[in-house]
Structure formats: structure tokens, C-alpha cells
Amino acid sequence: AKRQGRDTLQTYTPVLSEQTLAKVRMAKELRLAVQQAALTVFYQPVYSLHTGRLSGAEALLRWRNQAGEWISPADFIPLLEESGQIVPVTDWLLGRALSHLRTWRQSWPDFRLALNISAISMQDRHLVNSVERSLLRHRLEGQALELEVTETAFIRDPDKASLVCDELKRLAVDLAVDDFGTGYSSLIYLKRFAPDRVKIDRSFVAGMVNSPGDQALVRAIIELVHSLNMKVVAEGVETQEQLQLLQQMGCDYVQGYYCGRPQPEEAWVNVVPNLFTH
Ligand code: C2E
Ligand code: CA
Ligand code: CA
Ligand code: CA
């Protein structure tokens, strides 16, 4: 049947499109980048909106290709997922990010680092083993780490994802639902997986000041999340107006260009320790 599938493909797609070729080329270059460790990680500060204090950071993958351009992870994460490379890359990222985290916790004892985890990884115990090993190696407690997963992770195979979540909770690792409000079945999954934090997607934050609808949504999400005893993080905060509005609404944490851009670890000596006294 496989063979026939291949023949069928050849019959109906005699020439590869420009787009497909570009994708294949990119996948190949990416494979090399992974092998040669040409991926790096940037960190974006996260602040408490109650105290203004730096509370931690989100790790964001970066890839500088052979032409010297920075490629957004939004463009290459899907390729890593399709080619099965997301697992080794996540392992690498864990090791790298936790060694930075270890250093930061010497200056800020409560510093928490958030890592993005693909839906695919949430289906597999490998992630749990990998997290456990990295925490041990860097002598870090689970609370120092937060894993961000999107709602999609729960939809694929809720039972498997549920198992992985339970195991991660056993390690005391925090869980956050990322891009909240952009997926499906949000409420069921919120209840079932009981994350520590919920991240309001940037698109709502962007619309909030001018669109009464978006503003009402953000307000409602904050109330809902608080009523479930979880904390709210607003991402993509770009203006002081947005920050003040979120503060009035009781949002717990903020992240965005207004507070600090994603930057390499070396640049962290210049990070603002408190948003309010700056
Ligand atoms: P995300 O998790 O929603 O990450 C936030 C994205 O918004 C980041 O884009 C960040 O640079 C950007 N951003 C932060 N503040 C602002 C702001 O104020 N305004 C605007 N316009 N953008 C802001 P980035 O770094 O390009 O990452 C894109 C997506 O790639 C992430 O979205 C995440 O889903 C994924 N990703 C990044 N790193 C990893 C990783 O290590 N593993 C996995 N599985 N996915 C990752
Ligand atoms: Ca994220
Ligand atoms: Ca997000
Ligand atoms: Ca987002």
C-alpha cells in the first residue's frame, strides 16, 4: 500500500512546487543547524504586576541561518516537529536554559524560567525523564521551572497528556497554558489539567485598548482564572496604557516589549529589576 501511495504521488505531482523546494531546503539547513548547535536561546523578562519585581523569564529559541538572518521559531518549530528533531532540540534547550537558570537564581532566588513545550512532547514520558534529569544535574527544585503548553497539547490525546502532566506535577514543575483563548475547549482543559498559570494571548492584549470586546474578554479571562485559583500572565504588552489597564484588572504578571525584549543571556546584566521603580 505504501508503494502504491508513492506511485500515486509521483503521478499527480510531477514537479515539486517552489514552495515545497524552499521548505525542503530549509529543513536540510535546519538539520545541520541542530547538528552544529547553531541554535541559540533568548530570554524575555516576566514581571509581577503586583510588586513590579522581575519574577522570571521565558526562553525563546532562535536560529541564525547560513545567510545570517534570524528565523522566527514560529517558522521553524513546525519543521522540527515534522522531522522528529523537536525532541533532541528540547533536550538540548533544557540543559542550556537550566544552567542559565541556576546562575540567575543566585541573584534572584525566586526566579522562574518558562520553557515552551510542543504538543508532541506532551504525549511522551521522555519529557518527564528529561526534565527530571536536567533538574537534578543543575541542582534545581521543580518550582524553578515552568512548562508552557498550548491547548492543542491536550486535544491530541488527553489521556496521555494527562499522564505527562501528573508526572510533571510530581516533580513540582509549574504548568502554564499558553496562548489562552486561541484554541478549543479551553474551559474543560483548564479544569482537567489545573495549570498554575494561564497566559492571555498577545492578540487580546493588542486589541484591548481600542476594542471594548477584547477588553471585556481580557477582563473575563482574568476573573475566570482567578476564580479557579490560578494566576494570569499577559503577553505582548507593548504600551504603558496596556500595562495600566491590566493592572487595574488585577492581572498578575506581564511580559512584552514594553517591559523587556527577548535577549541573549549576556545582555541580562542590564535587565530592569523592578518595573515600577525604574
Ligand atoms: P509564544 O510562546 O506565544 O511566544 C511569544 C512570542 O511573542 C515570541 O515570539 C516573542 O518574541 C514575541 N513577543 C514578546 N513580546 C512581544 C511584544 O510585546 N510584541 C510582539 N509583537 N511580540 C512579542 P518568538 O520568539 O518568535 O516565538 C514564536 C513562537 O515560537 C512562540 O510563541 C512559541 O510558540 C514558539 N517557540 C519559541 N521557542 C520555542 C521552544 O523552545 N519550543 C517550542 N516548542 N516552541 C517555541
Ligand atoms: Ca510561550
Ligand atoms: Ca504565548
Ligand atoms: Ca502567542
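## E58 in strand β2

E58 lies in strand β2. Strands here are DSSP runs of E with at least two residues, helices are DSSP runs of H or I with at least four, and both are numbered from the N terminus. The model is predicted, so local features need pLDDT of at least 70 and side-chain atom pairs count only at pLDDT 80 or more, while totals for chains, interfaces and linings use all residues. Residues are numbered from 1 along each chain as its sequence is written, chains are lettered from A and ligands numbered from 1 in the order in which they are written, and side-chain values use heavy atoms, with hydrogens and water left out.

Is E58 buried or exposed? E58 counts as buried because its relative accessibility is 5%. Buried means under 20% relative accessible area, exposed means over 50%, and partly exposed lies in between, with a 1.4 Å probe and protein chains only.

## The partners of E58

One is a polar contact with the side chain of K199, at 3.0 Å. Another is a polar contact with the side chain of Q255, at 2.7 Å. A polar contact is a pair of N or O atoms within 3.5 Å; within protein, one must be able to donate a hydrogen and the other to accept it, and residues adjacent in sequence count only if both atoms are side-chain atoms.

E58 and Q255 are 197 residues apart in sequence. In space, their C-alpha atoms are 8.9 Å apart. Leaving out residues up to four places away in sequence, E58 touches F42, Y43, Q44, V46, A114, N116, E148, K199 and Q255. Contact means heavy atoms within 4.5 Å.

## Q44 in strand β1

Q44 sits in strand β1, residues 39-48. Its relative accessibility is 7%, so Q44 counts as buried. Which side chain does Q44 meet in a polar contact of 3.1 Å? The partner is the side chain of Q255. Q255 also makes a polar contact with E58 through its side chain.

Beyond its neighbours within four places in sequence, Q44 is in contact with several residues, including G56, A57, E58 and L60. Further along the chain, the contacts of Q44 include G256, Y257, R261 and W268.

## Ligand 1 and its pocket

Ligand 1 takes up the space of the largest pocket. A pocket is found on a 1 Å grid over the protein atoms alone: it is an open set of points with protein on both sides within 12 Å along at least five of seven lines, whereas a cavity is a set of points where a 1.4 Å probe fits but cannot get out, and lining residues have an atom within 4 Å of a point. A molecule sits in a cavity or pocket if more than half of its atoms lie within 2 Å of its grid points. The elements that give two or more residues to the shell around ligand 1 are β2 (54-64), α3 (73-82) and β6 (174-180). Strand β2 gives the most, with four residues.

There are 22 residues around ligand 1, and R62, S118, R202, E238 and Y257 come nearest. Near means that a heavy atom of the residue lies within 4 Å. A nitrogen atom of ligand 1 is 3.2 Å from a polar backbone atom of L61. An oxygen atom of ligand 1 is 2.7 Å from an N or O atom in the side chain of R62. For the side chain of E238, an N or O atom is 2.5 Å from a nitrogen atom of ligand 1.

## I71 in strand β3

I71 belongs to strand β3, residues 70-71. I71 counts as buried because its relative accessibility is 15%. I71 touches M26, W63, N65 and F76, not counting residues up to four places away in sequence. From I71 to L61 is 10 residues in sequence and 9.5 Å in space, C-alpha to C-alpha.

## Two positive phi angles

Most residues other than glycine have a negative phi. R139 is not a glycine, yet has a positive phi of about 50°. R139 is in the loop between α5 (126-137) and β5 (145-150). At 62% relative accessibility, R139 counts as exposed.

D179 also has a positive phi of about 50° and is not a glycine. D179 is in strand β6. Its relative accessibility is 23%, so D179 counts as partly exposed.
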